[in-house]
Amino acid sequence: MSTAEWEHFYASHAPPAELPEHRQQITDFCKHHQPNKIVLLTSGGTTVPLEHNTVRFVDNFSAGTRGAASAEYFLDNGYAVIFMYRQKSLEPFSRHFGGQKFLDMLEIQEKGSDVAINVKSNYINTIKPILSKYKSAHRENKILYVSFTTVSDYLWLLRVACECLTSSGANCLLYLAAAVSDFYVPSNEMPTHKMQSGEGAPVIQLQLVPKMLTPLVNNWVPRAYVVSFKLETDENLLISKSRHALNKYKHKLVIANVLQTRRHQVTFVTPETSFVINLNTEEMDSGIEIEESIVKNVISCHKEHIKQLDSH
Ligand code: PAZ
């Protein structure tokens, strides 16, 4: 990927309005946590707008489950977390109470004109540990939420976050779990207003999104431990494509998963080896999440990375 393609992408897509505010927040957060370990975790899908005044867009399946769950396990393990997520995708802690689940946990008690809303007693043991972890993560300023929606917002935010993280050196871990679109409609080829059906079926030409891993690994955060995720639907491609990514971008770890089995199986692929992490049915039924093992293994790889860089 040449620099020119990068410059072209950034030059032809305006940064999101909130970018200066996000830069300040991330800078302050990184300063606050230095010299401790910090993870930049990306989560959820990205949209590809089809109009400048966007009514329609191309999206993908990711709900942000992997990212939101992983953020909680990183916090459990003492990391400060920059949670860079797709707006309206799942968030750590609140993910446990989404949709009607939250309302089902409550009951109304009325005595005359006094009305109280309480948590049903059988849910207290479920809610209490999650609520305590949420409160302490926020009290101790251990998690920063920054959101994006479109693929270009994502790429702008990623670059800015990396610039802020450079000074964290090897203590910085990048855990790139977001499902980022590979294709986009260039800004100068997008209509300003809503496409009109009366004008017939539109022909939309998508272009390849420049891959950000090359500048990220080489220039933006050269000492960080970078973990990318690879999703496939054809299992036969999984390892070869992960190895290809490692060779091409020169980072240290790809976590490979297949769409249908991603909740209970992933493969860690490093330049030298690969190994599978699996949950059995019993573990899944008891509520164990695969992200707990993923994060544990990533943290031990990160430790090893810090040791190696320290010894040079
Ligand atoms: O968000 P989710 O929990 O439904 O899915 C997680 C995932 C499959 C998006 C993630 O594990 C992943 O593979 N992300 C990278 C996708 C890719 O660009 O290949």
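**Exercise 1. Where in the structure does Ala 170 lie, between which helix and which strand?**

Step 1. Ala 170 sits in the loop that links helix H6 (151-165) with strand S8 (172-176). Here helices (H or I, at least four residues) and strands (E, at least two) are DSSP runs, numbered from the N terminus.

A word on the model: it is predicted, local features need pLDDT of at least 70, side-chain atom pairs count only at pLDDT 80 or more, and totals for chains, interfaces and linings use all residues. Residues are numbered from 1 along each chain as its sequence is written, and side-chain values use heavy atoms, with hydrogens and water left out.

Step 2. Ala 170 counts as buried because its relative accessibility is 7% (buried means under 20% relative accessible area, exposed over 50%, partly exposed in between; 1.4 Å probe, protein chains only).

Step 3. Not counting residues up to four places away in sequence, Ala 170 touches Arg 223, His 302, His 305, Ile 306 and Leu 309 (contact means heavy atoms within 4.5 Å).

**Exercise 2. Find the place of Glu 51 and decide whether this residue is buried or exposed.**

Step 1. Look in the loop between strand S2 (48-49) and strand S3 (57-58): Glu 51 is there.

Step 2. With 0% relative accessibility, Glu 51 counts as buried.

Step 3. Leaving aside neighbours within four places in sequence, Glu 51 is in contact with several residues, including Arg 56, Pro 191 and His 193.

**Exercise 3. Which element gives the most to the shell around the ligand?**

Step 1. Helix H3 (65-76) and strand S11 (225-232) each supply at least two residues of that shell.

Step 2. S11 gives the most, with three residues.
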